[in-house]
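Open the model in your viewer and keep the selection tool ready. The tour goes stop by stop.

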Amino acid sequence: MTRVLVPLAILEGESVSTGLPTLLATMDVTVLGYHVLPEQTPPDQARLQYEDRATAALTDLVEAFEAAGGSADHRLVFTHDRERTVDRVADEVAADAYAVTGATGSVDRLLVALTGDIAVDRITAFVAELVGDREIGVTLFLATDDEPGGRDSIAAAADSLAERGLDVETSLAVDEPPFEALVEAATTHDAIVMGERSPSLRSFLLGEEADRVAAEAVGPVLVVREESIDAAATREQGMDADRASQRED
């Protein structure tokens, strides 16, 4: 099952809105509670002081995701480097996406951004699993300076989702600044799905773009990670094994 990592500054009171557990009910969730320490503070010392309080808060969050019908676990990390810790834990739990939390109630419509050098097939597969058989509408958004090519690309992605039973609309922004166009489109949607851009998710997750999109959209932003080389190799090995099994049959 697809896994989403939800990083939270747990000792600073950062939590999730009521709508996020429901939105992620079709996913496996790992809630990453982290606390950034001053350089001179040893993590073991902080753990002795804060572990019980942080663990209690994480347990409550896991129960919220489970009460919404999902599956969840948690990790607690005391760190001097937030960015590296988030990336490391995401790799350890094989997270397919990150959540930038936001304020949302019921999610009725998702905005799915397809702009840039991203893995469109991976994003649409994630969206299909996220929505499942729920009545959540999807708007595919693409900003481009190539209108004919953009229409073909977004139509192909829309057809792929429609074949899976999703309610899909498209929005094409031609010759507009991509970020500003996305922010404008986001204000009429409850949550956003975006793709990870090279070289790292950190620049998106922690940078100005994520903050601005999340602030303008109000709701959460889900960032689908690029498939790692190891994961791609594992998937290919599995496909080879399936093909070999079919030949034996």
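Buried means under 20% relative accessible area, exposed over 50%, and partly exposed in between, using a 1.4 Å probe and protein chains only. This is a predicted model: local features need pLDDT of at least 70, side-chain atom pairs count only at pLDDT 80 or more, and totals for chains, interfaces and linings use all residues. Residues are numbered from 1 along each chain as its sequence is written, and side-chain values use heavy atoms, without hydrogens and water.

**Helix α3**

Select residues 82-92, helix α3. Helices here are DSSP runs (H or I, at least four residues) and strands are E runs of at least two, numbered from the N terminus. Arg82, Thr85, Val86, Asp87, Val89 and Ala90 are buried in α3. Now pick glutamate 92 and arginine 88. They form a salt bridge, with the closest N and O atoms 2.9 Å apart. A salt bridge is a side-chain nitrogen of Lys or Arg within 4 Å of a carboxyl oxygen of Asp or Glu. Both residues lie in α3, four residues apart, about one turn of the helix. Glutamate 92 is partly exposed at 44% relative accessibility; arginine 88 is partly exposed at 38%. Step past the helix to alanine 94, where phi is positive, near 55°.

**Strands β1 and β2**

Select aspartate 28 and arginine 3. Their side chains meet in a salt bridge at 3.8 Å, N to O. The pair links distant parts of the chain, strand β2 (residues 28-36) and strand β1 (residues 3-9). Aspartate 28 is buried at 13% relative accessible area, and arginine 3 is buried at 18%.
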